[in-house]
Amino acid sequence: MRRAVFRVRQHYRYTYSGPVWDLHQRLVMVPRDSYRGQQLLSYDLAVRGTEGDHRLAWERDQFGNRVARVNANRVPQAIDFEATFRLERSAGADGGEVPPWRNDAERLAYLRPTALTAPDSRLIRAALEIAHSAADVAERAELAQRWAAQAITYQFGITGYSTPAAMALHLGRGVCQDYAHILLSVLRLLNVPARYVSGHLIGEGAPHAWVEAFVERGDGAVDVVGFDPTHSRRTRMDYLTVAVGRDFADVSPTSGSYSGPAVGRLAATKKAEILELDGAAAAVA
């Protein structure tokens with residue numbers, strides 16, 4: 001597959017037990033214009049359910065992600081956020097890049113542990129074993145991916161978005177963001193800069209998460225390697241990137257606050273399609 005065009009529709013609905021007001025929402029649902037062989041062709045973000053006018057503003061965060069800020073004076077019952085975008089992916093265009101840091105201080109952002117990737121003794125032990133078994137940086141990164149893929153069993157409902165890697169490892173169960181956080185923790189212990197990636201995998205009904213490792217070569221060049229420890233493989237053309245950061249907290253697709261005593265409940269749906277495949281029409285839900 002040399003080229004493909006995809007369409008994604010991501011919908012979030014917050015339903016409240018009563019009216020709320022002074023709502024502030026941060027949404028990371030639409031990819032940037034260009035990213036490692038991926039080109040954004042068009043996008044739209046619809047906001048429905050507010051009483052009166054709402055305000056929508058776009059900005060970039062420190063990682064270059066496209067972020068929407070929504071402010072609403074009042075929401076009587078429910079508010080909907082629906083992002084739709086089309087993007088094109090080309091094979092062979094995402095093997096490497098200039099590192100996303102200008103100096104050592106910025107490089108450390110992808111090496112320092114975060115609240116979600118802080119290592120415990122078991123993660124440290126795994127990194128030491130990998131370091132002792134391989135001297136080559138690329139091989140160490142591959143071994144870290146294989147270890148993370150086997151470290152836990154996939155099970156929904158055991159962990160949450162705020163579960164640290166060490167806790168998911170202790171529980172032995174988790175979902176894609178847990179696999180990604182575990183791999184990030186081990187890679188950073190091995191002195192391999194790495195970032196969390198949120199996006200979509202064609203064929204899966206929910207958003208997905210994986211990791212990109214910056215494998216630094218002796219000549220100063222950097223290979224950017226995408227690892228999906230949930231499926232124990234490297235990423236492919238059907239991985240569609242929405243945002244990148246140090247961990248899930250940087251790229252949460254929806255977060256915010258509101259005033260009022262009401263309780264909110266979140267529901268989500270997603271549909272991803274292949275519109276074109278090497279120029280031939282196709283459609284895959």
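Is Phe81 buried or exposed, and what is its relative accessible area?

1. In this predicted model, Phe81 is buried, and its relative accessible area comes to 0%. Tyr14 also counts as buried, at 14% relative accessibility, because the cut-off for that label is under 20% relative accessible area.

2. A search of the whole structure returns nine aromatic pairs. One of them joins Tyr14 and Phe81 in an edge-to-face arrangement, with 6.3 Å from centre to centre and 75° between the planes. Since Tyr14 belongs to strand β1 (residues 3–16) and Phe81 to strand β7 (residues 78–90), the pair ties together parts that lie 67 residues apart in sequence. Tyr14 and Phe81 also belong to one aromatic cluster, together with Tyr16 and Tyr258.

3. Helix α5 (residues 176–189) has 14 residues and should span 20 Å at 1.5 Å a residue, which agrees with the 20 Å between its end C-alpha atoms. Of the 14 residues of α5, 13 are buried, so the helix is largely enclosed by the rest of the structure. Just after α5, Asn191 takes a positive phi of about 65°.

Key: Residues are numbered from 1 along each chain as its sequence is written. This is a predicted model: local features need pLDDT of at least 70, side-chain atom pairs count only at pLDDT 80 or more; totals for chains, interfaces and linings use all residues. Side-chain values use heavy atoms; hydrogens and water are left out. Rings of Phe, Tyr and Trp (its six-membered ring) pair if their centres lie within 6.5 Å; planes under 30 degrees apart count as stacked, over 60 as edge-to-face and the rest as tilted. Helices (H or I, at least four residues) and strands (E, at least two) are DSSP runs, numbered from the N terminus. Buried means under 20% relative accessible area, exposed over 50%, partly exposed in between (1.4 Å probe, protein chains only). The expected span of a helix is 1.5 Å times one less than its number of residues.
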